[in-house]
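I opened the sequence and the model side by side and kept short notes. The entries below follow the order in which I looked things up.

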Amino acid sequence: MAAQMSDAHRRFLQVLMSHGIMEGAEARKLHRCCCEISKAYYAQDKLDDFVSTINNQLQPLFMQIRKGMSEVDGRTHYALVNMAETEITKMASDYAENELELFRKTMDLIILSENGFASSTDILNSADQLKTKKMKKKEAEQVLKIFVDDKWLSERNGEYTLHTRCIMEMEQYILSTYPDIAKKCNICHSLAIQSQACETCGTGMHLPCVGKYFKTQSRPRCPQCNDFWPYEIPDRSRIDSQSSSRRIIEPYGDPTDALYKEVILETATKMKW
Amino acid sequence: MRAERSGLREGDDEDFSVVPTQSPSQVQRNLESRSQEEINRKVTELVQFLLVKDQKKIPIKRVDILKKVIREYKDVYSEIVNRAGRTLQQVFGLQMVEIDTKHHIYILTSTLPRVEGENLKQDIQTAKLGLLIVILSFIFMKGNSAKDSAVWEFLRRLRVHPGEKHEVFGDVKKLVMEEFVRQKYLEITPIPLTDPPEFNFQWGPRAAKETSKKDILSFVAKMQKKEPSFWISQYNEAKANT
């Protein structure tokens, strides 16, 4: 029962593309908005069918809208990912050689770390030793900011980890490039960058997966070796969002509609032609 | 580096500045010498290339399309571009628009019907667009060109200063004088024989394509709670422009 591609689908795709990645609730709201705007039939709770229709068109272009879980809050996200190449070079259309090298080094640091984070000090030190073209600390800081803005990395207290969007897009690449080091979650079997691991047997799990798994247990034990689980179980009710809440915008819309309230309201009183 | 590329050096623009003009039957013959698969692959590469560049609002030069994507398939260039255009339209609701016919520079615009602002909320991109609208409207109301000192004085009243780091925009001077110019929203040219150097602000080609004098005037009118026709010369100009 494959539906036809319509303006509702195209609008959804344009907005998702400009965000790169969207939370499930936002994506559902966008689905409803797009159907309303295009006066198309809106099947509530059928977002996945809606997305399938788009994916059929995206497949020949080696792109897909994928669903994935955020390692931070466990929420489902939708991201537009590139399937064409499995290497980091797929990001290459936008970045210089040495910027890509810095990204690879950052990824190395993140995956080799205990907690899935690389400190900015370590990253900036590696910027000094790039083989392609050395980067000064100032420049490296700028590049890191661009990676965060472009949602390849996310930053917390001066430390960097991989953004959910990056994990969703590069999971296969990471698992094949770091076969012995990259961890997989024992519960959901997906790649785990940030995780809690049993001290005895090394079994690792995503923090949200830990929260879900141990929800009903008073004395949490490792699912593999049954030793006591040594960590604090993440509280599922506490929301720790990865970034400030994103809202829906019209990326190619009429710019005069995209009014920035504070600036514009002030303008209203101050504009004197 | 692939062996077949050894004949062309980096920066050798000669081959890529001109597209051979061909009759449809010539293109047809050239097409027949390539496999469907090869052509499809090139179309896909071009679509991805265009999307990536446009997401960053970087205008796309034909020279880059030829050099980085089309390469040895130059003889079927028009077919690849046409098919890419159809894919962009069918899947994304986007089209290629030439904003510079002399140097052949393109942007992507949406072909979907425009939406009124109700459901729209904000983020940093939208905030930047808001600032841009304010600048574009100032330029228009001043007769399509304004001096940099006038623009900054105007923005100062909105508590946006070129010297200070703005909490939303960061380095505003960089945003306005570099990013907006690079994205072709503004055109900033130095005024000759000025010391210290002064600059002239005008609309860039992307601004002209993505909005209109009519829209900008109605924005000003909404803000001032007046009718657009209140500003006679701008009103006539906006009308003539449609």
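**Entry 1: the annotated domain**

I began with the record: an unreviewed UniProt entry lists residues 185-226 of chain A as "domain: RING-type". The model I am reading is predicted.

**Entry 2: salt bridges**

I looked up the total and found 15 salt bridges over all chains.

I took one in chain A to start with. A:Glu169 pairs with A:Arg165, and their closest N and O atoms are 3.8 Å apart. Both residues belong to helix H7 (residues 164-177) of chain A, and they sit four residues apart, about one turn of the helix.

Next I went to chain B. B:Arg34 forms a salt bridge with B:Asp75, with 2.9 Å between the closest N and O atoms. B:Arg34 is in the loop between helix H1 (24-32) and helix H2 (36-55) of chain B, while B:Asp75 is in the loop between helix H3 (62-70) and helix H4 (77-92), so this pair ties together parts that are 41 residues apart in sequence.

I then checked B:Glu198 and B:Lys147, whose side chains meet in a salt bridge of 3.1 Å, N to O. This pair links distant parts of the chain, 51 residues apart: B:Glu198 is in strand S8 (residues 198-203) of chain B and B:Lys147 in strand S4 (residues 146-147) of chain B. B:Glu198 is partly exposed at 25% relative accessibility, and B:Lys147 is partly exposed at 39%. I also noted a network in which salt bridges with shared partners join B:Arg41, B:Lys42 and B:Glu45.

**Entry 3: nonpolar cores**

Which residues touch the most other members of the largest nonpolar core? That core has 48 residues, and the ones I listed are A:Phe12, A:Leu58, A:Ile65, B:Leu51, B:Ile65 and B:Phe92. Leaving out residues up to four places away in sequence, its contacts include A:Leu30, A:Phe50, A:Ile54 and A:Ile65. Another core lies apart from the largest one; it has 38 residues, among them B:Leu129, B:Trp152, B:Phe154 and B:Met223.

**Entry 4: loops and backbone angles**

I looked at B:Ser33, which is in the loop between H1 and H2 of chain B. B:Ser33 is exposed, at 58% relative accessibility. From B:Ser33 to B:Asp100 I noted 67 residues in sequence and 33 Å in space, C-alpha to C-alpha.

Before the last items I wrote down the background: most residues other than glycine have a negative phi, and most peptide bonds are trans.

A:Asp45 has a positive phi, near 65 degrees, and is not a glycine. A:Asp45 lies in the loop between helix H2 (24-37) and helix H3 (47-58) of chain A, and it is exposed at 67% relative accessibility.

B:Leu193 also has a positive phi, about 60 degrees. B:Leu193 is in the loop between S7 and S8 of chain B and is exposed at 90% relative accessibility. B:Pro196 is placed in the loop between strand S7 (186-191) and S8 of chain B. The peptide bond from B:Asp195 to B:Pro196 is cis, with omega near 0 degrees.

Notes: Residues are numbered from 1 along each chain as its sequence is written. Chains are lettered from A and ligands numbered from 1 in the order in which they are written. This is a predicted model: local features need pLDDT of at least 70, side-chain atom pairs count only at pLDDT 80 or more; totals for chains, interfaces and linings use all residues. Side-chain values use heavy atoms; hydrogens and water are left out. A salt bridge is a side-chain nitrogen of Lys or Arg within 4 Å of a carboxyl oxygen of Asp or Glu. Helices (H or I, at least four residues) and strands (E, at least two) are DSSP runs, numbered from the N terminus. Buried means under 20% relative accessible area, exposed over 50%, partly exposed in between (1.4 Å probe, protein chains only). A nonpolar core is a set of buried Ala, Val, Leu, Ile, Met, Phe, Trp, Tyr and Cys residues joined through side-chain atoms within 4.5 Å. Contact means heavy atoms within 4.5 Å. UniProt positions are given in the numbering used here, feature names are shortened, and annotations may be inferred rather than shown by experiment.
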